[in-house]
Amino acid sequence: MSDTEVQILDSDDDMATITFQAGGRLSGDQEEPRPFNLADVPSSVEADDALPQSDVFESLFMRQDSPQASGRTWEQTKVQSINLSTLARTFKKDDKATAINLLHRRSVLRLDHDLYYDADDEMLAWDASKHFLDFCLVVGGSVGLHAFIPNKVVDHTFSIALNLCLPTHLFRPKFGKLGFDPTGCMMSLGTAPSTELWLAFCPHENLDDMDMANAAPLLSEKQHGDTRLSSSHFRMAVMFLAYALSKNPNLPIYVMHQYGTDEVDLHGWRIKDVSNIYSQTTWDLRLDDLIDLNTTMASDWDQWVADAPMTWKQDGWLLSRAPVAVACRYGQNQPIANSNNDAHTQESKNWLAERSYTHIRYISVAIATDITCRRVKRWTEVPNEDIIQEHGVVYDSPDPDIREEVNLDNFPHRDPHTRRENNVYAEDGRRIPRLHGRSRRDDKPCGLLVNLETISD
């Protein structure tokens, strides 16, 4: 069993959507899922469905099944407060008896006033200068593979492995903007370095009408259905990609019949009998090959659909859709927005080289910011002359549309009422520190306490 198969079986998807190969199936069509008939399961291996977690919780903590209650439930136990300093003394004294006794109580931890600072304490130095890219979703805005193609004329290091044997892969991102409902229209094409490649069969109205695309909910706002293509639609997609790849003279791919050998029954023929697209699991595409495939898809899709057999168009899916590339990258935790000017310039070039944004409709990113805080002994003002010498012109806002130039001689370092620093910004929108905090080198940063109840969904 391959790693891919293990991931599929270990997923938390509804078991009713798992597909297996039928016993009487024609060989060679490894891409076609067949429904698994639950009636074929022997009674000896049948099991009841798992209990909902809410029922388990209620049985453990809320419900008393015995006729006479043996005691209070956990929810009925009185809540008592305990100070952090009390726990510290218990630990230092190695008082095991007290520690065990605390386990029998339902306690709420309280912080002693001398153990924390208010967030607006003027002697706290906050730093939020380190940022990390945790998620990136790129959606093309026209037919083709524009989300995959780097913005380069030539790149001898570029290669992607196109895989058309992944009909059971689910589109899993839960955040971001697609501009359409992904239910039943996402086809996995494999991976590039640290990136998942998807071909989305987007409805024409969402592709042609920007207002309709913008009105589509975010992935986090509305629960969608199963994203995988049906067996019939998957075969149509594979046949179109095989056709488009066969147009490239540099690839040893051929298609003898664009739409199979039987116009009546879509499953009455095998893909391996009309094309060698499944002679190998993946096809390595160079940059020129990918550009050629993108050009063919964009120019030939409408005519290929028009010439397709009527039986392929009966459900209306093929006539109402168009293939659009979607690239997804997450979990890489890459540092971005470096404060070093040279690194910042190189990072900008990297974003521009990653792809051309002419045919890109949406880019969704999740950025994690590392927030640290230190207690300082004193603040030192940065002379205005030093700021002007290094940055030239400074502004009162990072937004170029509303910002105004600031005369530092008339703009004090601190607000006289709040005692907070009056921020100024450089030409590129970055904040220019006007105060430097002084502390010992061995001082440790403060631990941050976050009230999770105030965080919105």
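**Close-up views of a predicted model**

View 1. Helices (H or I, at least four residues) and strands (E, at least two) are DSSP runs, numbered from the N terminus.

The model is predicted: local features need pLDDT of at least 70, side-chain atom pairs count only at pLDDT 80 or more, and totals for chains, interfaces and linings use all residues. Residues are numbered from 1 along each chain as its sequence is written, and side-chain values use heavy atoms, leaving out hydrogens and water.

**View 2. The bend in helix 9.** Helix 9 spans residues 287-307. At Asp300 it bends by about 55 degrees, the angle between axes fitted to the seven residues ending there and the seven starting there.

**View 3. Pro193 in its loop.** Pro193 lies in the loop between strand 7 (186-192) and strand 8. Pro193 is exposed (over 50%), with a relative accessible area of 66%. Its C-alpha is separated by 9.4 Å from that of Arg329, 136 residues apart along the chain.

Technical notes: The expected span of a helix is 1.5 Å times one less than its number of residues. Buried means under 20% relative accessible area, exposed over 50%, partly exposed in between (1.4 Å probe, protein chains only).
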